[in-house]
Amino acid sequence: MISLYEGGVYLVRGTKLIPEKEKDRVKLLTGQEADKEAARKETIAYSILQSHNTSGDMEQLKLRFDSMASHDITFVGIVQTARASGMEQFPIPYVLTNCHNTLCAVGGTINEDDHMFGLSAAKKYGGIYVPPHIAVIHQYMREKMAGCGQMILGSDSHTRYGALGTMAVGEGGGELVKQLLRDTYDVKYPEVVAVYLDGAPRPGTGPQDIALAIIKAVFKNGYVKNKVMEFVGPGVSSMTTDYRNGVDVMTTETTCLTSIWRTDEDTKAYLAKHHREEAYRELSPGDMAYYDGCVYVDLSTVKPMVALPFHPSNAYEIDELKENLTDILGEVEQQAKHVSGGKASFTLLDKVKDGELMVQQAVIAGCAGGTYSNIMEAAQALKGRSCGSDAFSLAVYPSSQPVFADLVKKGAVSDLMDAGAIIRTAFCGPCFGAGDTPCNNGLSIRHTTRNFPNREGSKPGSGQMAAVALMDARSIAATAANKGRLTSAWEMDGWDQVPEYTFDDSSYKNRVYFGFGEGDESRELVYGPNIKDWPKMSPLAENILLKVCSRIMDPVTTTDELIPSGETSSYRSNPLGLAEFTLSRRDPEYVARAKEAFVPEKARTTEGEAKIFETEPALEAVYEQIRHIPGSEQVRAEEVEIGSMIYAVKPGDGSAREQAASCQRVLGGLANISREYATKRYRSNVINWGMIPFQMEGEPDFQVGDYIYVPGIRTALEGDLKNIAAYVIHGSSTKELCLYIGEMTEEEREIVKAGCLINYNRNRQKG
C-alpha cells in the first residue's frame with residue numbers, strides 16, 4: 001500500500017507520523033508543543049543544505065558542492081564553456097566518466113576523440129578520468145565518491161546518491177560550469193517530503209518494483225516536483241544499501257529535486273567494504289521533524305511491477321496487467337499511434353499468445369539494473385535454465401569492473417552465459433538508445449531508468465518503431481527462464497540468497513587517472529576534428545521579435561524529444577552539428593524554420609535594416625503592424641532582435657542534458673513559452689543559454705509561422721516579471737498576449753541579458 005498525506009506531517013522519534021492538522025497529538029507524545037518552524041530544521045535535508053549554503057539565508061540558497069561528475073556526452077561542452085569563461089583548474093574533485101558514447105560505431109573516431117579530450121582535460125585541470133567500460137557514472141560515484149552529509153552535482157539527470165547519505169543533484173552543464181568558476185548553485189529552499197518506509201520487501205520484489213510503485217503514485221500529480229524526497233522509517237533497514245541504491249536512482253523519474261536517506265549500520269558496512277569507512281556518519285531526522293508532505297509505503301505490499309511504454313509512471317502490477325491484457329495493451333497501442341505520428345506502426349496485442357504476453361528482448365543494465373545484487377539474483381534464477389533459441393534475447397551489463405569481476409569469481413557470469421545471456425561491459429547505452437536496439441515492432445523489458453519514446457533506439461520517422469517496458473531484474477530473469485513469456489518473480493522461488501559482495505578496486509587503481517589537485521596548465525587539450533567551440537551569441541536587445549517555429553500541444557515534452565538521444569549523442573561536442581537533430585523525431589521541419597528565422601537576425605547585426613527586409617521581405621509587413629502598437633510607433637527594425645521560439649505545454653521532463661536548450665540557442669532561439677516547465681533543470685538550461693523562459697495561461701492563440709513581438713524585454717527583466725505585454729502578429733492582425741516569467745535570481749536575469757552564461761562570465765572578467 002502506498003498513500004499520500006494531504007498537507008504536512010510531523011515525524012516523532014523517527015517512527016510516528018502525525019498529520020499537521022492533528023498536531024495536538026505531538027504534545028501528548030512528547031510533552032512539547034509542535035513548533036513547525038523549529039521542526040523544519042530537524043530534517044536530514046535541512047542539516048545538509050545548511051552546511052553547504054553560502055548565502056547566510058536559508059530561504060535563498062547558494063550552494064557549493066563537494067564534488068561533481070559528468071559523462072562523455074556532456075563533459076566536453078562543460079569544459080569548453082568553463083574554459084571560455086576563464087577557468088584555470090578544477091576547484092573540487094570532478095569525475096569524467098566514459099559510459100555513454102562508449103561504442104565508436106557512429107561518426108568514425110569522434111567518440112574516442114571526446115574520450116581523449118576528457119583525459120587531456122583531467123591532466124590539464126586536475127580531474128579524475130574513468131576510461132570506457134570501467135564503470136557507469138553513478139556506480140563509480142557510489143563506490144568512490146559519495147559519503148554521508150555530502151552534496152554532489154552531476155550533468156546527468158540520474159545523479160542520485162541519497163542512499164549513501166549524499167544529496168546529489170542532476171543538472172545541465174551550465175550549473176557545473178558555475179561550480180568550476182567557484183560560483184554557486186542558487187535555489188529557493190525546497191520543500192521536503194518524507195518517504196516513510198514500513199515493513200520489508202517480500203522475496204522476489206526488487207528495488208525497481210518499489211521505485212515504480214512510488215513513481216506511479218507521485219508523478220502525475222506532481223506531489224514531489226522540485227522537492228527533496230527524504231527516506232525515513234523502519235523499512236529503510238529492511239533493505240541492503242545496494243538495494244536502496246536501486247530505489248534511489250529512480251527518484252529522478254518523480255521529478256523531485258534530490259533525495260536523502262537515513263543512514264544505518266548497513267550504510268556504514270557498504271562504505272567500509274569500499275574502503276571508505278571515514279565517509280560514514282549517522283544521519284537521522286531529529287526527535288520532532290516537520291515535512292511538507294509524506295509518501296507512506298508498506299514495502300511488504302509492493303508486488304512485482306511493470307511500467308509499460310512510454311513513461312515509468314505508466315506502471316502496473318504484473319498480475320494486474322495479466323488480468324487486463326487486452327484493455328491495457330490496447331491503450332498503449334493508441335499512445336503509440338500518437339508517438340509515431342503515423343510514420344510507423346507499433347502493436348502489442350499481437351504479442352499475446354494463449355493469454356500470455358511474449359516479449360522479444362530483455363536487458364539488465366546501468367546504474368539502476370547493473371548492480372551486484374540485481375545481477376546475482378538474476379544469475380541464480382537462471383542457473384541451469386535456458387533463455388531459449390527463439391526471438392527472445394537477454395543482455396546483462398554489470399555496472400562496473402569491480403562488480404563484473406566479483407560476479408565472475410562467484411560463477412554468476414558463467415551461469416548467465418550458460419543460460420544464453422549475453423554479458424557486456426559497463427555501458428549506459430540501453431538506457432538512452434545507443435545499445436541493444438530491439439527489432440522493429442519489438443517489445444523490450446529492461447531494468448534501466450527510462451522507457452520514454454525511442455529511448456530504445458528506434459526511428460519512427462524512418463518507419464521503424466520499438467518500445468520498452470521497465471521491470472526489475474528478478475522478474476526479467478523469471479521471464480527469461482520462461483523464454484520470453486512475461487513472468488512475475490513471484491511465480492518462482494529461491495530469491496534473497498545473495499552471497500556477500502567482495503569489492504576489489506584493482507581495476508580502478510590500474511586504469512583510472514586520479515589527478516585531482518595535480519593539474520598542469522602547460523598541457524594542451526587534445527581536440528578531435530568534431531570538437532568545436534560554441535558559436536558567438538549576441539546579448540539580448542531591448543525589443544525582441546520571436547518567430548513561432550514549433551507548437552507542441554502534448555501534455556509533456558521530454559528532453560529526448562527536444563534533442564534525441566542514441567546515435568546523435570556522438571555529435572554532442574559539435575554544437576552546430578548536433579543542432580541539426582533538434583526536434584527531429586517530434587517536429588522534423590523545426591530546424592529549417594529556425595534557420596530561416598535566424599537569417600534576418602544575422603543581417604540585422606551586420607548590415608542594417610534594409611538588408612533585413614531583403615533577406616525576409618515578409619518582415620516589412622510585420623514591422624508595419626508593430627508600428628501600430630502604442631509605444632512602438634518609431635521602432636526601427638535594426639533595434640529589434642529576431643529569433644525563433646518553441647511553444648510546448650510542459651517541456652523538459654527527463655534528462656538533464658543542456659543540449660535540449662543549447663541546440664535551440666545556436667539555431668537562433670530566443671525563448672520558450674510554456675504553461676509550466678516540467679523540471680527545474682530544463683528551465684535552468686534555457687536560462688543559462690540565454691533564452692527567456694516565458695510562461696502563459698490558457699491555450700496559445702498563435703500558430704507556427706506567426707510572430708510574437710515583445711517590447712521592452714530587458715526592462716521587464718529588471719521588474720517583477722509579471723504581466724509582460726507581448727503581441728501576436730498574424731498576417732494583418734495583431735492581438736495582445738500576456739506573458740510572465742517565474743522567479744529568477746539576479747544572476748539569472750543578468751545571464752539572459754548577456755545572451756548566455758559564457759557572455760555573462762566574460763563580462764564579469766572585463767568588469
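**Note on pockets, cavities and helix packing**

1. In the second largest pocket, α26 gives the largest share of the lining, four residues. The model is a predicted one, in which local features need pLDDT of at least 70 and side-chain atom pairs count only at pLDDT 80 or more, while totals for chains, interfaces and linings use all residues. Residues are numbered from 1 along each chain as its sequence is written, and side-chain values use heavy atoms, with hydrogens and water left out.

2. Some terms are needed here. On a 1 Å grid over the protein atoms alone, a pocket is an open set of points with protein on both sides within 12 Å along at least five of seven lines, a cavity is a set of points where a 1.4 Å probe fits but cannot get out, and lining residues have an atom within 4 Å of a point. Grid points are joined across faces, edges and corners, and a volume is the space filled by probe spheres set on the points. Helices (H or I, at least four residues) and strands (E, at least two) are DSSP runs, numbered from the N terminus.

3. The volume of the second largest pocket is about 800 Å³. Its lining consists of 29 residues, and V187, K188, K680, R683 and E743 lie nearest the centre. Two or more lining residues come from each of β4 (60-63), β10 (185-188), α26 (680-688) and α28 (746-754). By class, this lining has eight nonpolar, eight polar and 13 charged residues; Ala, Val, Leu, Ile, Met, Phe, Trp, Tyr, Cys and Pro count as nonpolar, Asp, Glu, Lys and Arg as charged, and the others, Gly among them, as polar.

4. The largest pocket holds about 1,000 Å³ of space. It is lined by 37 residues, of which H338, V339, P453, D554 and E561 are the closest to its centre. Helices α12 (325-340) and α20 (559-562) each supply at least two lining residues, and the largest share, four residues, comes from α12. The lining of the largest pocket divides into 10 nonpolar, 14 polar and 13 charged residues.

5. How many cavities of 30 Å³ or more are there? The count is eight. The largest cavity contains about 210 Å³ of space. Of its 20 lining residues, H71, H100, D156, F432 and R455 are the closest to the centre. Helices α6 (137-144) and α17 (429-432) each contribute at least two residues to this lining, which has six nonpolar, nine polar and five charged residues.

6. Two packed helices are described by the angle between their axes and the distance between the axes. Axes are lines fitted to C-alpha atoms, for helices over the stretch in contact, and angles run from 0 to 180 degrees between N-to-C directions. Helix α14 (residues 372-382) packs against helix α15 (residues 401-409) at about 30°, with the axes 10 Å apart. The pair is therefore roughly parallel (angles under 35 degrees count as roughly parallel, over 145 as roughly antiparallel, 65 to 115 as roughly perpendicular and the rest as oblique). Contact (heavy atoms within 4.5 Å) is made by Y372, I375 and M376 of α14 with V403, D406 and L407 of α15.

7. Helices α9 (residues 241-248) and α10 (residues 265-273) pack at about 100°, with their axes 9 Å apart. This angle makes α9 roughly perpendicular to α10. Residues T241, D242, R244 and N245 of α9 meet D266, T267 and Y270 of α10. By class, the contact has one nonpolar, three polar and three charged residues.
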